[in-house]
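This report is to be read alongside the sequence and the three-dimensional structure. Please have both at hand.

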Amino acid sequence: KGKCPEDGWDESTIELFLHELAIMDSNNFLGNCGVGEREGRVVSGLVARRHYRLIHGIGRSGDISAVQPKAAGSSLLNKLTNSVVLDVIKLAGVRTVTSCFVVPMATGMSLTLCFLTLRHKRPKAKYIIWPRIDQKSCFKSMITAGFEPVVIENVLEGDELRTDLEAVEAKIKALGAENILCVHSTTSCFAPRVPDRLEELAVICANYDIPHIVNNAYGVQSSKCMHLIQQGARVGRIDAFVQSLDKNFMVPVGGAIIAGFNESFIQEISKMYPGRASASPSLDVLITLLSLGSSGYKKLLKERKEMFSYLSSELKKLADNHNERLLDTPHNPISLAMSLKNLDETNDAAVTQLGSMLFTRQVSGARVVPCGTVQTVNNYTFKGFMSHANDYPCAYLNAASAIGIKKQDVDVFLKRLDKCLKTFRKEAKQEKSINEISDSNTATEQLED
């Protein structure tokens with residue numbers, strides 16, 4: 001049926017299935033005689049076993065989705081993977097999606113492929129409207145495709161950084177709709193930035209007849225992000241949305257899913273990919289989804305949401321204990337931010353030092369963001385880089401509740417963070433005492449004089 005099974009398969013069943021697919025490829029035929037330059041020859045048995053002898057990859061030289069006559073098994077694997085992934089995207093909340101395909105590139109290069117496809121539709125266009133998000137790969141995806149990003153600064157609403165819709169529309173009018181390739185928006189992001197106002201952006205794109213590409217990097221795991229995409233497509237225009245395989249399905253880095261609501265446009269993107277492609281990302285995600293089943297994946301989504309609530313409440317308690325606060329970012333369903341105002345005021349280097357301390361204590365993924373960092377990316381200078389704004393009011397620390405996170409991860413992180421912050425407070429008290437003694441000695445000397 002081309003759908004994700006309700007209940008996951010056991011490993012021996014999955015391996016049997018993959019071996020059946022592999023013996024359909026010509027390189028595994030007993031009497032095969034290959035006289036071409038690409039015959040699926042592999043010297044190392046270890047490499048062959050690692051890939052289940054599915055050596056031919058996917059697609060043909062002109063289309064990543066095309067069937068290879070001498071690789072029937074690999075072609076079937078590709079079609080089944082795309083079909084199963086489409087079913088899971090619908091299950092996760094984008095019910096009207098019509099087409100998708102797995103591409104063996106991470107999110108940034110997959111976005112580039114989308115932009116290059118649009119170039120043929122809009123030959124005059126040279127600009128991409130981009131509500132700012134301080135993440136290098138999505139910025140470089142536009143540069144690599146040969147376009148000029150037009151950075152729209154976010155607006156501060158309470159603690160949240162949100163899309164400046166008026167600035168987007170003003171820039172479209174100033175540049176001319178025909179000169180704009182697309183609007184490049186974002187769903188999943190680090191707090192205090194929150195998902196873009198997708199519905200409003202989709203309406204603007206429909207009104208001005210401008211394509212709309214959504215960076216949904218780790219948004220599949222969030223019902224809120226997927227709802228925004230579904231609603232955006234319902235009320236306005238979304239041409240394609242791109243998501244990472246590793247972040248959403250817990251597989252090795254190296255693959256993404258390009259999906260959309262117009263099947264012919266998604267096929268155009270797949271035909272833009274030059275040459276054949278590695279089957280590894282498709283193989284990884286198919287094995288994972290067959291082992292989980294739709295019920296297993298839904299269970300992971302539910303657990304992630306529960307862990308987000310737990311992380312939020314516990315991080316708030318810890319922040320209060322250290323005279324800091326959990327930033328109020330209700331529109332961000334995955335990432336949280338805790339202020340580091342007192343730490344920043346105590347010592348300029350303390351914020352970045354906290355990040356180093358956490359990393360050496362084996363806490364990965366937590367980001368500390370100091371105020372006023374300046375970073376140049378492809379000749380464009382970002383002030384306040386990593387904070388998604390030129391002048392965010394305070395330094396802060398990020399933590400995320402992503403798919404697969406466990407209660408133990410949260411508890412250990414909070415324990416180690418608490419210990420690090422206590423170390424800073426202790427050092428600050430000692431320094432204050434030393435300064436007070438020094439000031440007292442100076443005053444005594446002055447009196448004696």
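## Basis of the report

The structure described here is a predicted model.

## A gathered set of annotated positions

An unreviewed UniProt entry assigns the feature "binding site" to Arg60, Ser61, Gln68 and Arg276. These positions span 217 residues in sequence, yet no two of their C-alpha atoms are more than 9.8 Å apart, so they gather at one spot.

Two of these positions can be described further. Serine 61 belongs to the loop between α2 (45-50) and α3 (72-92); because its relative accessible area is 52%, above the 50% cut-off, serine 61 is exposed. Beyond its neighbours within four places in sequence, serine 61 is in contact with Pro274, Gly275 and Arg276.

Arginine 361 is located in the loop between α13 (350-360) and β11. With 37% relative accessibility, arginine 361 counts as partly exposed. Apart from neighbours within four places in sequence, arginine 361 is in contact with Arg416 and Cys420. Lysine 426 is part of helix α14 (residues 407-448) and, at 58% relative accessibility, counts as exposed.

In soluble globular proteins, nonpolar side chains tend to be buried together. The largest nonpolar core in this model holds 79 residues, of which Ile89, Val103, Phe115, Phe241, Phe249, Ile258 and Ile269 touch the most other members. Helix α11 (residues 280-321) supplies the largest share of this core, eight residues. At least three residues of the core come from each of domain 1 (11-292) and domain 2 (297-436). Another core lies apart from it and has 29 residues, among them Val351, Val368, Val410 and Phe424.

Which residues does phenylalanine 241 touch, not counting residues up to four places away in sequence? Its contacts are Ile89, Val94, Val97, Val214, Asn216, Ile229, Ile257, Ile258, Ala259, Gly260 and Phe261.

## Helix α4

Helix α4 (residues 107-121) has 15 residues; at 1.5 Å a residue they should span 21 Å, and its end C-alpha atoms are 22 Å apart, which agrees. The buried residues of α4 are Thr107, Gly108, Ser110, Leu111, Thr112, Leu113, Cys114, Phe115, Thr117 and Leu118.

## Strand β14 and its partners

Strand β14 (residues 396-400) is mostly covered, with four of its five residues buried. Strand β10 (residues 335-339) runs antiparallel to β14 and is joined to it by five bridges; within this pairing, leucine 336 has alanine 399 of β14 as its bridge partner. Strand β11 (residues 367-369) also runs antiparallel to β14, through three bridges, and arginine 367 stands opposite asparagine 398 in β14.

Most residues other than glycine have a negative phi, and most peptide bonds are trans. The peptide bond from alanine 191 to proline 192 is cis, with omega near 10°. Proline 192 is found in the loop between β6 (180-186) and α7 (198-208).

Methionine 250 has a positive phi, near 55°, and is not a glycine. This methionine 250 is placed in the loop between α9 (245-249) and β9 (256-260) and counts as partly exposed, at 43% relative accessibility. Asparagine 378 likewise has a positive phi, of about 50°. The loop between β12 (374-377) and β13 (380-383) contains asparagine 378, which counts as partly exposed at 39% relative accessibility.

Notes: Residues numbered from 1 in each chain as written. Predicted model: local features only at pLDDT ≥ 70, side-chain atom pairs only at ≥ 80, totals over all residues. Heavy atoms only, no water. Buried < 20%, exposed > 50% of the residue type's maximum accessible area, 1.4 Å probe, protein only. Helix = DSSP H or I, 4+ residues; strand = E, 2+ residues; numbered from the N terminus. Pairing = 2+ DSSP bridges. Contact = heavy atoms within 4.5 Å. Core = buried A, V, L, I, M, F, W, Y, C linked by side-chain atoms within 4.5 Å. Domains from an automatic or database assignment. Expected span 1.5 Å × (residues − 1). UniProt positions renumbered as here; feature names shortened; annotations may be inferred.
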